[in-house]
Every structure is written in C-alpha cells, then in structure tokens.
Amino acid sequence: RYVPVVAAYDVQDDQHNVFVFEKLGAVDVHGLVVNVSDAEWLAFTLHELEFRSLALDRRSLEQGRLVRFTVLRDLDGFSLARLTRPALARLQRTVALASACYPEYIHKSVFINTPVHSPFGLSTSTSSIQLWLDDAQRQKMIFLKRGDASGTLDKICPPASRPLLFGTYMSNIPSILLTCFDSWAGGTNDRIDLPATGLLGKDSYALLRENGATEAEIRARGTLTVPFRVNANDTLCWEFCVQQYDVDFLVKFRTQGDGGAVELNVDGWDKARFVHGQVEAASWTAPSAGVAVLCWDNSFSWTRGKTLCYKASVAKLTVLTNDVADDDAALDLSGHTSL
C-alpha cells in the first residue's frame, strides 16, 4: 500500500540474477510511519526477506550457481524533506536486519534519477546510510544521475526488461503529457505490473498538503521567497506542487563577498517553469555559510494568482570525532527551519 515495488523473477541478467524494481521516490513515508507500527513493519520485512531468500535458493540450485537480486531504485520524486527521525530509524533497523541475516542477498543496488543540481548528489543522505554498511555492500551501490547519458542503466537492465516508464525522471507529469517526452521514457516491458501504491497515481497536491506541507498564495505579478540559514555542507531539500496553472521557481544564495553581502543564482537552479500535476523534489548542498532562498515567481501572470504547497528543511551531516566512533555519524533532520 505504501511502497511501490515488484520482484520480476522472469527478468534475469546473463548471470541469472533476478531484478527488483522499486519506486523509492513514490514511497508514502508519512503514511508508512503513521499507519504501520514498528512491529507490523518488522513482520512484513521478515516475511519479504525470507520469501525472496527461499526463491533465490531454489533458483541457485536450478542454475548451479549463486543467484542474487539486482535492485533498481528509482529516486524520481524523492525529497529529503519527507524523511523524519522515526522513518530514518526504521530504515536503519531494516538495513541492519538485511545485512546481518541476508548478506549475499544483493548483487547490485542501482540508484537512478539521483539529483543533478546538488554538487554532492545525495551525499548528505547516502553518506549517513553508507555508514551502516560494510565495504562489500558499499561496492555494490551504483548511483546514476538524472539524464545519465553513459548507457550504464541500459547495460545493467535494458528498457525492454524494465516496467513501463520505470526510469523516466518526469514521472510526476500527468500521463497524457508523457507522450510529448519520448526521450525521457523509461522501461517498455508491459508484462511487469508495478503496483500503483504509495504516491503513484495519487493527487500530488492533496497528498503534499495532507503530509504537512505549507500552503501559500502568490498574488498576480507577485513572488514568494522563503530563506533558510545554512552552514557549509548543509543540504537544503524541498518539494512543491502548484495547485493550478504554473509558476516559475529558482534558488538564490546570499553570502558575504569582499565588498559585503552578495546574492547569487544557484548553478543549475536558474528560473524554470513548473506546471500543475508536477511535484518538484530536489536538494542543494551549500558550499559555504549563508542564506539559501527558495523563490517562486508569478510576475509573468498579470491576472491570475497561484496557490502552491511546499515542504522544505535543512539536513546536516553531523560526524562526531575524537573519542566517538565514526559509525556514530548521523543525519540531522532539522525540520522546517526557514528564517
């Protein structure tokens, strides 16, 4: 209900490893934490891990070699703004359980559609998560950015083997518009039924509002700016959706220059237009201390005001040193900390 995932046992690579497809960007984190208890999640996780392990054992005996999973995790729509401490704690326990009891479960773990606008990609979240893993597990992780042109994904799993639209980085656009974006299409295998659970197929705006987003009005020819104080290597993460029509969005950074305070446009986040039905979820890591500003611009519209929902927070990667072990590093989710 909350996690769109499917194990495609009839889709294999040349070494007979089986593929699992996960739409991590469409996981309903809020619903999962609020409506599913820790005990229920543990029971579900154990059942899934044991069932898949037995299936892999049978296939290993049939093939006369070790058969494992290659997991493709689509981060389209993912935002650090959705993570909470209870969600992160549950994730850590799940990773620890899988690592301890099923160490050879995974052949490769491929993350696709990782953000391109942050100079460190998803370093704030993945650095913390990778501390829970050993070296062998880290070496199995592959990160492919949005619009990756290297062909790595197609080599690992060609489009004909992937579910419909899996891998497209505009999956939040209404399906009627996707025909206009052939170059962004993902998989073409209509035999794999990726369930429309989690946030897939839902009213993006309504869900964002229900999950605690701030709703704001922008008058005709007006703008909305939301500043955040950040330190070096802090990551500002956000997601938003406009209720009707469209709105321009950009990110600015205010810092101290030689002649005083200066305001710069963030590289990769120049003004761009976003339409109704599209949830924009992204992050940016600050190179130095200053003030990051999320800007929504409706100045192009002379007659129509716009309504949007947004969530934003600053994530800090806190590594304790000296007499504290490195594995005590933690992802500090400081919540909605606008100035």
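This is a predicted model: local features need pLDDT of at least 70, side-chain atom pairs count only at pLDDT 80 or more; totals for chains, interfaces and linings use all residues.
Residues are numbered from 1 along each chain as its sequence is written, and side-chain values use heavy atoms, with hydrogens and water left out.

Start with the whole. The protein holds 8 helices and 15 strands. Helices (H or I, at least four residues) and strands (E, at least two) are DSSP runs, numbered from the N terminus. Of its 339 residues, 49% count as buried. Buried means under 20% relative accessible area, exposed means over 50%, and partly exposed lies in between (1.4 Å probe, protein chains only). Contact means heavy atoms within 4.5 Å. Among contacts between residues at least 6 apart in sequence, 80% join residues at least 24 apart.

Now the open sheet. Its 5 strands have the order β1-β2-β3-β4-β5, and the pairing is mixed. Two strands pair if DSSP finds at least two bridges between them. The edge strands are β1 (5-12) and β5, each of which pairs on one side only. From one strand to the next, the twist averages 20°. Axes here are lines fitted to C-alpha atoms, for helices over the stretch in contact, and angles run from 0 to 180 degrees between N-to-C directions.

Take the pairs in turn. β1 and β2 (residues 18-22) are antiparallel, with 5 bridges. Val6 stands opposite Phe21 in β2. Strand β3 (residues 69-74) pairs with β4 in the parallel sense over 6 bridges. There, Thr70 stands opposite Lys108 in β4. β4 and β5 (residues 141-145) also run parallel, joined by 4 bridges. Phe111 has Phe143 in β5 as its bridge partner. Strand β4 (residues 106-114) is mostly covered, with 8 of its 9 residues buried.

Helix α2 (residues 38-63) lies across β1, β2 and β3. The helix runs at about 5° to β1. The expected span is 1.5 Å times one less than the number of residues. Which residues of α2 are buried? They are Trp41, Thr45, Leu49, Arg52, Ser53, Ala55, Leu56 and Ser60. An α-helix has 3.6 residues a turn, so residues three or four places apart point the same way. The buried residues of α2 pack against β1, β2, α1 (29-35), β3 and α3. Just after α2, Gly64 takes a positive phi of about 70°.

Helix α3 (residues 85-101) has 17 residues, which should span 24 Å; its end C-alpha atoms are 24 Å apart, in agreement. Ala87, Leu88, Arg90, Thr94, Val95, Leu97 and Ser99 are buried in α3. Pro86 also sits in this helix. Pro86 is partly exposed because its relative accessible area is 48%. The C-alpha atoms of Pro86 and Val34 are 9.7 Å apart, although 52 residues separate them along the chain.

Next come the cores. A nonpolar core is a set of buried Ala, Val, Leu, Ile, Met, Phe, Trp, Tyr and Cys residues joined through side-chain atoms within 4.5 Å. The largest has 27 residues. Leu224, Trp238, Phe249, Trp269, Leu294, Trp296 and Tyr310 touch the most other members. The elements giving two or more residues to this core are β6 (214-218), β7 (223-230), β8 (235-242), β9 (246-257), β12 (280-285), β13 (290-297) and β14 (306-318). Another core, of 15 residues, lies apart from it and includes Val6, Phe19, Leu144 and Phe166.

Phe249 also has contacts beyond four places in sequence, among them Trp238, Asp270, Lys271 and Cys295.

Then the cysteines. How many disulfides does a search of the whole structure find? The count is 0. A disulfide is a pair of cysteine sulfur atoms within 2.5 Å. The sulfur of Cys309 is 7.8 Å from the closest cysteine sulfur, in Cys241, which is too far for a bond. Cys309 counts as buried because its relative accessibility is 0%. Cys237 is buried too, with a relative accessible area of 0%.

Finish at Arg191, in the loop between α7 (175-178) and α8 (204-210). Is Arg191 buried or exposed? At 59% relative accessibility, Arg191 counts as exposed. Its C-alpha atom is 9.2 Å from that of Ser161, 30 residues away along the chain.
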